[in-house]
Amino acid sequence: MATTELKSGDTDGKIFIGKGDQPAWLTLALGNRHGLVTGATGTGKTVSLQVMAEGFARAGVPVFAADIKGDLSGIAEVGEGKDFILQRAKEMGLTFQPDQFSTVFWDVFGEQGHPVRATISEMGPLLLARLLDLNDVQEGVLNVAFRVADENGLTLLDMKDLRALLDAIVPMTAKKDEVDPLADVRKSALSFGNVTKATIGTIQRQLLVLENQGADKFFGEPALELKDFLKTDRDGRGMVNILVADKLMSSPRLYATFLLWLLSELFEELPEVGDLPKPKLVFFFDEAHLLFNDAPKALLDKIEQVVRLIRSKGVGVYFVTQNPIDVPDRVLAQLGNRVQHALRAFTPRDQKAVQAAAQTFRANPKLDTATVITELGKGEALVSFLEGNGTPAMVERIMVRPPTARIGPITPEERKAILAASPVKGKYDTAIDSESAYETLQKRIAGTAATPADAGDAAGGGGGFLGQLGAIVGTIFGTNTGRNRLSTGQVIARSVTRSVTNKVVGGIVANVGKQIGGSLGSSIGREIVRGTLGGILKR
């Protein structure tokens with residue numbers, strides 16, 4: 001049997017996954033048609049994930065993967081030629097050559113990787129309501145809060161901004177001759193219906209629960225820029241981005257909502273590219289069942305939409321879970337590339353899962369798929385990858401190739417060295433507390449801030465250069481589009497803040513940026529806004 005180097009076992013346009021009666025290949029051009037890796041605990045799902053991640057990275061495709069147990073971190077270090085690895089490679093006719101891959105570690109809590117942050121505005125009311133486990137009425141009030149923030153130029157960056165805004169929309173009965181400095185904000189909220197103190201109180205308590213779980217570290221700035229996930233190293237290989245999720249998994253709702261937010265951001269920000277020779281990014285979603293557990297219909301609709309349409313953005317999504325029945329049928333239908341490890345049929349539910357898994361494969365007359373699923377050994381899998389015309393190949397039983405990087409976790413010392421050499425070192429490691437809704441409302445209460453009408457007058461007529469800039473941008477981009485995202489002014493404000501954070505005049509310009517933001521009310525793509533500012537405020 002001819003041998004080849006395992007490191008270069010992939011061919012142009014294909015990733016070698018394993019071998020049975022014949023080699024099993026994942027076609028790069030069909031890598032954005034999504035996939036599913038399933039199997040019981042301890043059957044080899046993580047190794048299969050690592051093999052696929054290595055193949056994509058080797059082909060120049062950036063990878064994002066959540067690391068639940070820490071085992072996937074070994075992809076950053078050189079593999080070891082242990083006896084069982086050498087034996088498996090020999091059985092496949094391969095020569096093992098150790099390898100390692102450029103890796104960036106991310107951590108919502110900022111402990112074992114670079115902090116990952118998003119703003120409250122970027123998260124939006126739908127995902128935030130899911131995160132807070134709100135009912136329909138409470139979610140409606142949260143939507144009102146976001147609309148009021150948009151109409152009043154209040155930038156929602158972190159949890160204290162949302163808390164302050166919720167307090168500001170609580171109805172109040174002013175005493176005689178008493179002026180309510182937030183009367184216009186409360187009036188704006190009232191125009192969308194009654195907001196009760198009891199509902200606001202419930203949302204505030206849910207925010208406290210979330211804060212106690214450490215989610216306050218996730219909301220704020222500097223917010224994640226997705227372009228940092230789409231990088232290759234100097235050898236042209238895709239960077240492997242690993243989300244350290246062992247601690248995050250103690251808050252499963254936060255974990256699932258964060259990854260769904262990330263997918264949604266990729267969907268909204270990336271341009272349409274159609275079918276490429278290889279994906280722009282491959283996204284591995286481990287413990288995928290957490291995404292669908294108790295999800296309301298509106299959220300399931302959003303998930304289905306993102307999975308169905310993000311393919312045209314060049315992103316491949318691969319769900320990793322124990323049972324195929326964990327994934328709703330309408331999402332399962334979008335997953336063309338399948339790797340099925342062993343399932344156990346001890347209970348009626350297990351038996352149902354085995355039958356469901358077998359039925360999702362294109363039948364092979366040589367295999368009794370349902371029986372084989374229960375007989376697979378560790379490292380073995382049933383696979384079906386899409387063929388050249390986009391149809392699934394017949395299911396095949398294979399032995400998954402061994403990874404070329406290390407199998408198992410890295411040491412704290414190795415992680416520290418990787419973080420020290422990271423291409424994004426220093427960019428996200430220090431939190432920034434910009435002026436936003438909390439500070440604006442506090443100034444209003446203290447009587448030191450202008451009302452939105454005053455700010456609008458300043459920006460629209462007179463006000464010098466900055467006032468003219470506000471009027472020009474408002475004219476170009478029109479009125480509020482109601483996307484429940486950052487308003488134009490808020491995006492400008494954030495760009496100004498980011499652009500000058502490390503300059504001597506950072507605080508002054510940031511405040512000016514926030515004042516501009518308060519006078520504008522439209523919502524546009526971030527790239528347009530940043531491009532507009534690029535010619536005005538150089539870094």
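A salt bridge, as I use the term today, is a side-chain nitrogen of Lys or Arg within 4 Å of a carboxyl oxygen of Asp or Glu. By that criterion, a search of the whole structure, which is a predicted model, returns 26 salt bridges.

Lysine 160 and aspartate 433 form a salt bridge in which the closest N and O atoms are 2.8 Å apart. Lysine 160 belongs to helix H5, residues 159-168, while aspartate 433 sits in the loop between helix H14 (412-420) and helix H15 (437-446), so this pair ties together parts that are 273 residues apart in sequence. As to accessibility, lysine 160 is partly exposed at 26% relative accessible area, whereas aspartate 433 is exposed at 54%.

Next, the side chains of aspartate 71 and lysine 69 meet in a salt bridge with an N to O distance of 4.0 Å. Aspartate 71 is partly exposed, with a relative accessible area of 26%, and lysine 69 is exposed, with 59%.

The side chains of arginine 186 and aspartate 180 also form a salt bridge, at 2.7 Å from N to O. Is arginine 186 buried or exposed? Its relative accessible area is 12%, and the cut-off for buried is under 20%, so arginine 186 counts as buried. Elsewhere, salt bridges that share partners join Glu225, Lys227, Asp228, Lys231 and Lys427 into one network.

The largest nonpolar core has 91 residues, of which Leu128, Ile169, Tyr255 and Phe319 touch the most other members. Which helix gives the most to this core? That is helix H8, residues 252-269, with 11 residues. Another core, of 36 residues, lies apart from it and includes Leu28, Val51, Ala53 and Val63.

Isoleucine 169 links two of these topics. Leaving aside neighbours within four places in sequence, isoleucine 169 is in contact with Ala145, Val148, Val185, Arg186, Ala189, Val195 and Ile200.

Notes
Residues are numbered from 1 along each chain as its sequence is written. This is a predicted model: local features need pLDDT of at least 70, side-chain atom pairs count only at pLDDT 80 or more; totals for chains, interfaces and linings use all residues. Side-chain values use heavy atoms; hydrogens and water are left out. Buried means under 20% relative accessible area, exposed over 50%, partly exposed in between (1.4 Å probe, protein chains only). Helices (H or I, at least four residues) and strands (E, at least two) are DSSP runs, numbered from the N terminus. A nonpolar core is a set of buried Ala, Val, Leu, Ile, Met, Phe, Trp, Tyr and Cys residues joined through side-chain atoms within 4.5 Å. Contact means heavy atoms within 4.5 Å.
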